[in-house]
Amino acid sequence: MRGDGDGWYKSPDGVKHWGKFGAAGLLLRAPLPGGGSAVLLQHRAAWSHQGGTWALPGGARDSHESPEHAAVREAEEEAGITAGDLRVRAERLTMTAASGWTYITVIADADKPLPTVANRESTELAWVPEDEVADLPLHPGFALAWTELRAVPLRVRLAADAELADALPRTVELPDQGFFWLHGCADGPGIEVVLDVALTGGPAITRADVLS
């Protein structure tokens, strides 16, 4: 069923953006063996706008929808991912046009790389290791946003903290520092951090940041 947001938003200068009320997309991460992360990407069908490029599942927001609802709905329609399979961690305004049109990226985690079902808008769907995303021919809008959406991996020293171990891996956003992928693999990627005490060169992450 088509929503009331489907359609082009045309600004006074003639520039068009898809989504009468703006658009939203889902950046979904999942853990890889060894502590790294993968991102679910959509290889856009040739007939679509910017066809042949890679981007996030996403699309137009309806008038009644929050960015989170729109992004998760689009992920279900385009990739077969359901709300119960993920946990939303943050939202980021990743584009504002001069006309006021906006694109909001919703960041979420899954417990593992989930099976996907592509619809006609995709040539394929793939879980791409985070450090390989920039090597793909990305949708121009996503390419610009990726620098601020990419998560830096950090190894968390778990000791005997069972509650903390259960909360990892996951994405954390820190004010003015960006996104971090926290995992507990001792030999995994990233510098090691001890929660509540940041090691030299590391961000100030507390136990509360992880469990919130």
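In which sense do β11 and β12 pair, and over how many bridges? The views below come from a predicted model.

**View 1. Strands β11 and β12 pair side by side.** The pairing is antiparallel and runs over 5 bridges. Strand β12 covers residues 178-183. Look for Arg170: opposite this residue stands Leu182 of β12.

**View 2. Four strands form an open sheet.** Their order is β11-β12-β10-β13. The pairing across the sheet is mixed. The edges are β11 (170-174) and β13 (191-193), and each of these pairs on one side only. From one strand to the next, the twist averages 45 degrees.

**View 3. Helix α1 spans residues 67-79.**

**View 4. Helix α1 has buried residues.** Among them are Pro67, Ala70, Ala71, Val72 and Arg73. Glu74, Ala75, Glu78 and Ala79 are buried too. What covers these residues? The cover includes strands β3 (23-31), β4 (37-44) and β6 (58-60). It also includes β7 (87-96), β8 (102-109) and β9 (122-129).

**View 5. The second largest pocket has a volume of about 250 Å³.** Its lining counts 18 residues. Nearest the pocket's centre lie Arg87, Arg89, Asp111, Ala167 and Pro169. At least two lining residues come from each of β7, α3 (162-167) and α4 (207-211).

Definitions and conventions:
Residues numbered from 1 in each chain as written. Predicted model: local features only at pLDDT ≥ 70, side-chain atom pairs only at ≥ 80, totals over all residues. Heavy atoms only, no water. Pairing = 2+ DSSP bridges. Axes fitted to C-alpha atoms, helices over the stretch in contact; angles between N-to-C directions. Expected span 1.5 Å × (residues − 1). Buried < 20%, exposed > 50% of the residue type's maximum accessible area, 1.4 Å probe, protein only. Contact = heavy atoms within 4.5 Å. 1 Å grid on protein atoms, 1.4 Å probe; cavity = no way out; pocket = protein on both sides within 12 Å on 5 of 7 lines; lining within 4 Å. Points joined across faces, edges and corners; volume = space filled by probe spheres on them.
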